[in-house]
Amino acid sequence: MAHEDASRKEIELDLPGLGITNYEIVSEEDERYNCVSWANRDKKQFWWPFPRYGTYWPPGVKRDRTLDAFIKVFEVQSYQQCDTADFEPGVDKVAIFVRNEKPQHVSRQRAEDGMWTSKLGDGHDIDHESLYALEGDYYGTVAQILKRKRRP
Amino acid sequence: MPELLDFLSEKCTGYHSTADEWVSSHFEDLHNSGQSWSADEHIRDYDSLAQLLRRPRAIRILGLTPVASRAKRVKLIAPDLEVRFRKLAEQWRRQTKFRSAIEDKAIHPAYQSIIAMGPQVIPLVLRDLRDSRGHWFWALHYLAGKDMAEGSTTIDQARDTWLRWGEDNGYI
């Protein structure tokens, strides 16, 4: 419990919006995968466009740290751009956060219950009720939402 | 003996063969007498100094941390260097933990300060990579002058490759 309290304190220091909403830590810290991996349900590879140091980036997508390249990562997996983060049963959504024109973070909304889930860099996975609780100086703001029908 | 430690951390990382007398006559007496140490005054023969750094007695007297290797060489780390590294590494971890961007982690001032410490810090970086993990590949690339993890497609692969290189080259 003390360990979890310390983790929450650390998280809320950088992401203060989480401190005033409901969220839950759901994993140990792990630097082997990141937010983009987690949005793609992959805990084995570190998805990032930087072309060295053990990173993975899907074939056919430019290794650029731009919003366009990040959108493409999801479009090649049948996601389509959409305008709302509202829950639609049976639909997976992802949200790309941008700060200073650079993607910083990606969250995913679960098709079954509408809960958002994020991997915080090298830190924990969290489930969070509010997508916008992550907005701020650290990750910037939501710049694009994409959706696709839940796959079996 | 801060001047000596500064000198050692700057100039010496190991090797050579015979120097037991040198250790006795210079370092132990000097240490016991409590005199201050001036590298320029007392060390005229850098080869001899490098030689003595392989001796357990010198290591004990100077309070250096030996790092043994598979290759049976020894590299030495001055305690003040390790303290500085630990402080910077902790600061870097704390302030970049929630970032996914490798390049953002690497341009953090604490990470850059570690790189600026030069190749003498390689054993500490590798030990941290081994014991606490973390994205040290950028730093190691620059410190070692080559990217041993080139072509790795996972963090585990990159980590294993660097740790193997560290063992083979006597850093850990």
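Predicted model: local features only at pLDDT ≥ 70, side-chain atom pairs only at ≥ 80, totals over all residues.
User: How are residues and chains named, and which pLDDT do local features need?

Analyst: Residues are numbered from 1 along each chain as its sequence is written, while chains are lettered from A and ligands numbered from 1 in the order in which they are written. Side-chain values use heavy atoms, with hydrogens and water left out; totals for chains, interfaces and linings use all residues, side-chain atom pairs count only at pLDDT 80 or more, and local features need pLDDT of at least 70.

User: What pattern does chain B follow along the sequence?

Analyst: Helices (H or I, at least four residues) and strands (E, at least two) are DSSP runs, numbered from the N terminus. Chain B has 11 helices and two strands. Read along the sequence, the pattern is α-α-α-α-α-β-β-α-α-α-α-α-α.

User: What percentage of the residues in chain B is buried?

Analyst: A residue is buried under 20% relative accessible area, exposed over 50%, and partly exposed in between, with a 1.4 Å probe and protein chains only. Chain B contains 172 residues, and the buried share of them is 53%.

User: How many residues does the largest nonpolar core have?

Analyst: A nonpolar core is a set of buried Ala, Val, Leu, Ile, Met, Phe, Trp, Tyr and Cys residues joined through side-chain atoms within 4.5 Å. In the largest one, the residues with the most contacts inside the core are V36(A), F74(A), F85(B), I114(B), L126(B) and W136(B). Its residue count is 55.

User: Which residues does F85(B) touch, not counting residues up to four places away in sequence?

Analyst: Contact means heavy atoms within 4.5 Å. F85(B) is one of the residues with the most contacts inside the largest nonpolar core. With residues up to four places away in sequence not counted, F85(B) touches I114(B), M117(B), V121(B), L124(B), V125(B), D128(B) and W136(B).

User: Which residues of helix α10 of chain B are buried?

Analyst: Six of the eight residues of α10(B) are buried, so this helix is largely enclosed by the rest of the structure. Its cover includes α7 (102-106), α8 (109-116), α9 (122-132) and α11 of chain B. The buried residues are F137(B), W138(B), A139(B), L140(B), H141(B) and L143(B).

User: Why does the aromatic pair of Y53(A) and W138(B) join two chains?

Analyst: Rings of Phe, Tyr and Trp (its six-membered ring) pair if their centres lie within 6.5 Å; planes under 30 degrees apart count as stacked, over 60 as edge-to-face and the rest as tilted. This pair is tilted, at 5.9 Å centre to centre and 50° between the planes. Y53(A) counts as buried at 4% relative accessibility, and W138(B) does so at 15%. The pair joins two chains because Y53(A) lies in the loop between β2 (46-47) and β3 (55-56) of chain A, and W138(B) in helix α10 (residues 137-144) of chain B.

User: Which residues do ring pairs link into a cluster with Y53(A) and W138(B)?

Analyst: The count of aromatic pairs over all chains comes to 18. Ring pairs link Y53(A) and W138(B) into a cluster with F50(A) and Y142(B).

User: What is phi of Y53(A) near?

Analyst: Most residues other than glycine have a negative phi. Y53(A) is a residue other than glycine with a positive value, and its phi is near 65°.

User: With which side chain does the side chain of D147(B) make a polar contact?

Analyst: D147(B) lies in the loop between α10 and α11 (155-168) of chain B, and at 11% relative accessibility it counts as buried. A polar contact is a pair of N or O atoms within 3.5 Å; within protein, one must be able to donate a hydrogen and the other to accept it, and residues adjacent in sequence count only if both atoms are side-chain atoms. At 2.7 Å, the partner is the side chain of R52(A).

User: What area do chain A and chain B bury between them?

Analyst: Buried area is the accessible area (1.4 Å probe) that two parts lose on being put together, summed over both. The contact takes 28 residues from chain A and 27 residues from chain B. E31(A), Y53(A) and Y138(A) supply 29% of the area that chain A buries against chain B, more than any other three residues. Between the chains, with 50% of it on carbon and sulfur atoms, the buried area is about 2,600 Å².
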